[in-house]
Amino acid sequence: MTNTVGIGVILLYFTVLVGIGIYGAKVSLKTREDYFLAGRGLGSIAVFMALFASNITAFTIIGHAGFAYGTGYGAYGYVIGWSIFITPFTYYLVGYRSWLLGKRYGYATQPQVFGGIFNSKLVALLFLVLLLYYTLPYLVVSIIGGSLAFTTITDGVVPYWLSSLVIIAISLVYTIPAGLRGTVWTDIFQGAIFLSVACLLLMAVARALGGFSAITEQIVIENPAMLQRGLSPGIAPINWFSFAFINSIAVIVFPQMFTRILAARSSSNLKRVSLYYPLALAAIFGVSTLLGVWGSVAIPGLVGKDADNIVPMLIHQYLSPTWMILGLVVILAIVKSSIDSQLLSVTHLVTDDLLPRFKRFNSESAVFWGRILLVVFAAIAYYIALVRPAAILSIAAFAFSGFSVMLPVMIGALYWPRANKYGACAALIFPALMLHIWYLEILPKWTTFGFMPVFPAFVLAIVTLVVVSYLTPAPPPEQKEKTFGIFDRVFTGGGN
Amino acid sequence: MSFKVRLTLVALIVLIMFILHNSFWLWGLDDRVPLLFGFMPFAFSFYVGYTFLALIAMRIIIKLAWPDPPAEVLEPCRGEEPLGK
């Protein structure tokens, strides 16, 4: 890591990011919509890479490879199988209708879209509180994961505290001046880097291990259980089924993903993104799965969290130091592209949906406060990442489930005219409470009927929305017309 | 074809994809199907195929139920501040 080429590559990488930030600031307008939504003018490639790079975290290369190391090839289908289809499908199901309302009424966040549909400040507030509650711990965990990976891959030369500081500071360098435009441009750059280098890394590791076929034959002989999903208790069918309700459907609820959908220029951009998204998702997780499984025979005997280091260990043991540098750039690219988007979305929510409840700002002041808040949230996240309080980490453990159980309200709001604000409030609060009760083991495990808590909580959200909406007054016709009138004109040409 | 029928077809596609993802009865083939390209066992190659199926499914859904909006629908109508502001 101390060689000149390595330092040169890292400096070049950082210089490009800083350059993007400076240029982004020059072309950005000082308006709220331009800073947080890039003027709703993102094209297909920009939206695609922005969604993809924000979607991919340190877990993809580090955690997932570690999971595949212990679980086998089944890890691929378990973690990402359903996402390959349903994540882009939710860009249609929820994303397109929300985008239409955003274009029409100027909505920029989930509290605005769903508070607007139900004409309820309470619904808006619940969305705001829940999204911040789940996103902040998730942001901290992303920083912790990325920093640990950074420290591991540099053999401890860069200590943990410095890794976190570097990751956050570089993210701020382009996010503060250029807002969403800066994060999206760096997403294109970083996404292209990590997708291409990860594929090259796979080929290099395969070559070092004797070729794709040779390493697979070795697995078949030495560890045949890796091929059989039925032999891995962690991915038993009931877990497999439940897991489909966690990460795959949660993605559209992440505020950083939702905002990027709203920032698309046209319907055609969203269509292209939804169409080709499965390929990118399958590719990056495919690489990670293969590296993890190959690692189980190349470097056997890793247990528990040690298995999460399998990719850095493979690079270290089988490839030249140049690959360590490239590996480091991949880790940085993956980690920062998700952290910057999470930081910006948290800031966006507070600037656009919380502060105006106390004081009204003009557009330029909102951008100013957004920049201040970015620094404040970055400092808070850095502090928490250093202290690592157990409470924050335990919230992060079920943050994905928390996002998922908000989805029924979002779908109900966009598809069911009879859904009302009472049903929405109840369906946001009750399942979230139950999720906590189950995860904190206040209720015995049998009450989830063997499923992961997310599945019964998801069903509860649907039932609560329907029952409470039917038991309370229907929304007034003019309120329904505001939303469903638009949809009728788009989907049925104005008729039924 | 009415939009309700189109939406029902979309729901059917989602259901088929969900059933395929949860096709536990195929797990018995994991060690019996030959390796694809010499390095992809069935548990892996199934999802390579599933990816292309997802692409086809999304293309059908786009054709069936994703019309582009008329220009006048997208004209900003921002008489009131979004809630929460």
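Biologist: Is the crossing of helix 13 of chain A and helix 14 of chain A left-handed or right-handed?

Modeller: In this predicted model, the crossing of helix 13 and helix 14 of chain A is left-handed.

Biologist: How many nonpolar, polar and charged residues does the contact of helix 13 with helix 14 of chain A have?

Modeller: By class, that contact has five nonpolar residues, two polar ones and no charged residues. On the helix 13 side stand Leu291(A), Gly292(A), Gly295(A) and Ala298(A), and in helix 14 they meet Ile310(A), Val311(A) and Leu314(A).

Biologist: At what angle do the axes of helix 13 and helix 14 of chain A cross?

Modeller: Two packed helices are described by the angle between their axes and by the distance between those axes. Here the axes of helix 13 (residues 267-298) and helix 14 (residues 310-318) of chain A cross at roughly 60 degrees and come within 9 Å; the two helices of chain A are therefore oblique to each other.

Biologist: Into which domains is chain A divided?

Modeller: Chain A is divided into domain 1, covering 4-394, and domain 2, covering 405-496, and the centres of these two domains, taken over C-alpha atoms, are separated by 27 Å. Across the boundary, 24 residues of domain 1 of chain A are in contact with 25 residues of domain 2 of chain A.

Biologist: Which element of chain A gives the largest share of the side of domain 1 that touches domain 2?

Modeller: Helix 5 of chain A gives the largest share, seven residues. The residues of that side of domain 1 of chain A divide into 17 nonpolar, five polar and two charged.

Terms used: Residues numbered from 1 in each chain as written. Chains lettered and ligands numbered in written order. Predicted model: local features only at pLDDT ≥ 70, side-chain atom pairs only at ≥ 80, totals over all residues. Axes fitted to C-alpha atoms, helices over the stretch in contact; angles between N-to-C directions. Helix = DSSP H or I, 4+ residues; strand = E, 2+ residues; numbered from the N terminus. Parallel < 35°, antiparallel > 145°, perpendicular 65-115°, else oblique. Left-handed = near helix turned anticlockwise from the far one by under 90°. Contact = placed C-beta atoms within 7 Å. Nonpolar A, V, L, I, M, F, W, Y, C, P; charged D, E, K, R; others polar. Domains from an automatic or database assignment.
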